[in-house]
Amino acid sequence: MSFKIYTKTGDKGQTSLIGGTKVSKSSLRIDAYGTVDELNSYIGLVSDYLTTEPEMVAFLREIQDRLFTVGASLACDPEKDIKMRIPDLYEKDVQMLEASIDGMNEELPEMKSFILPGGHVAVSTAHVARCVCRRAERLCVGLQENEEFIAPLVLQYLNRLSDHLFVLARWIGHRLNVEEIKWTPRV
């Protein structure tokens with residue numbers, strides 16, 4: 001079965017939320033779920049670098065699945081009763097991130113200074129994903145501050161995910177025997 005990928009409905013700068021409401025492609029809600037999509041792509045790239053870490057790749061695929069859930073939540077018109085079933089985030093999704101952070105931290109040396117992103121392309125890519133995650137979180141906070149509905153677990157998940165990505169970057173470097181680049185401030 002084939003279908004056309006282009007619909008031409010967005011040619012004038014509008015798109016539809018789940019529920020049918022038309023909004024500008026520059027709306028904060030569209031920016032938020034577009035950034036979550038960008039984050040999902042970077043996490044896919046990080047996992048592509050981890051060829052020797054199948055368990056972490058599987059965990060990153062779980063995260064990608066949850067990011068589709070986050071994106072679906074953000075793509076819904078909060079003012080409309082949605083007829084289709086949208087997956088939910090659960091507290092256990094946040095707890096899974098916390099458990100993974102704790103597990104990685106057990107392997108890592110104590111961090112005694114700020115570190116600069118870099119040293120290996122996989123480490124740097126994990127840091128890029130962390131930065132994109134923080135941007136997605138800021139956009140979601142902006143939605144909340146504009147009194148637009150956002151599921152509370154979305155903010156909590158993105159906040160914890162950015163922490164996870166920071167620790168993941170360190171963990172990747174540790175596993176690859178890449179020395180962390182310590183920030184030495186010029187004072």
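How many nonpolar, polar and charged residues does the lining of the largest pocket have, by class? I counted 13 nonpolar, 2 polar and 3 charged residues there. For these classes, Ala, Val, Leu, Ile, Met, Phe, Trp, Tyr, Cys and Pro count as nonpolar, Asp, Glu, Lys and Arg as charged, and the others, Gly among them, as polar.

**Ground rules**

I am reading a predicted model, where local features need pLDDT of at least 70 and side-chain atom pairs count only at pLDDT 80 or more, while totals for chains, interfaces and linings use all residues. Residues are numbered from 1 along each chain as its sequence is written, and side-chain values use heavy atoms, with hydrogens and water left out.

**Entry 1: pockets**

I stayed with the largest pocket. A pocket is an open set of points on a 1 Å grid over the protein atoms alone, with protein on both sides within 12 Å along at least five of seven lines; lining residues have an atom within 4 Å of a point. The space in the largest pocket is about 230 Å³. A volume here is the space filled by probe spheres set on the points, and grid points are joined across faces, edges and corners. I found 18 residues in the lining, and Ser73, Leu74, Asp88, Phe149 and Ala151 lie nearest the centre. Helices α2 and α5 each supply at least two lining residues. The most come from α2, with 4 residues. Helices (H or I, at least four residues) and strands (E, at least two) are DSSP runs, numbered from the N terminus.

Next I checked the second largest pocket. About 180 Å³ of space lies in it. Its lining is Ile18, Tyr33, Val36, Asp37, Asn40, Leu67, Phe68, Gly71, Ala72 and Ala75. Two or more of these residues come from each of α1 (28-49) and α2. Again I noted α2, which gives the most to this lining, with 5 residues. By class I read 7 nonpolar, 2 polar and 1 charged.

**Entry 2: α1 with α2**

I turned to helix packing. Two packed helices are described by the angle between their axes and the distance between the axes. The axes of α1 and α2 come within 9 Å and cross at roughly 170 degrees. Axes are lines fitted to C-alpha atoms, for helices over the stretch in contact, and angles run from 0 to 180 degrees between N-to-C directions. The two helices are therefore roughly antiparallel (angles over 145 degrees). The contact (heavy atoms within 4.5 Å) includes Tyr33, Val36 and Asn40 of α1 and Leu67, Phe68 and Gly71 of α2. Its residues divide into 14 nonpolar, 6 polar and 3 charged.

**Entry 3: α2 with α5**

How close do the axes of α2 and α5 come, and at what angle do they cross? I read within 12 Å and roughly 155 degrees. That makes α2 roughly antiparallel to α5.

**Entry 4: α3 with α5**

Helix α3 (residues 91-107) packs against helix α5 (residues 152-175) at about 20 degrees, with the axes 9 Å apart. The pair is therefore roughly parallel (under 35 degrees). This crossing is left-handed. The contact includes Asp93, Leu97 and Met104 of α3 and Tyr157, Arg160 and Trp171 of α5. I found 10 nonpolar, 5 polar and 7 charged residues in it.

**Entry 5: cavities**

A cavity is a set of grid points where a 1.4 Å probe fits but cannot get out. The search of the whole structure finds 2 cavities of 30 Å³ or more. I noted 13 lining residues, with Ile115, Gly118, Val123, Ala169 and Glu180 nearest its centre. The largest share, 3 residues, comes from α5.

The second largest cavity holds about 40 Å³. Phe59, Glu62, Ile63, Arg66, Asp93, Met96, Leu97 and Tyr157 line it. Helix α2 supplies the largest share, 4 residues. The lining divides into 5 nonpolar, no polar and 3 charged.

Methods:
Angles under 35 degrees count as roughly parallel, over 145 as roughly antiparallel, 65 to 115 as roughly perpendicular and the rest as oblique. A crossing is left-handed if the near helix is turned anticlockwise from the far one by less than a right angle, and right-handed if clockwise.
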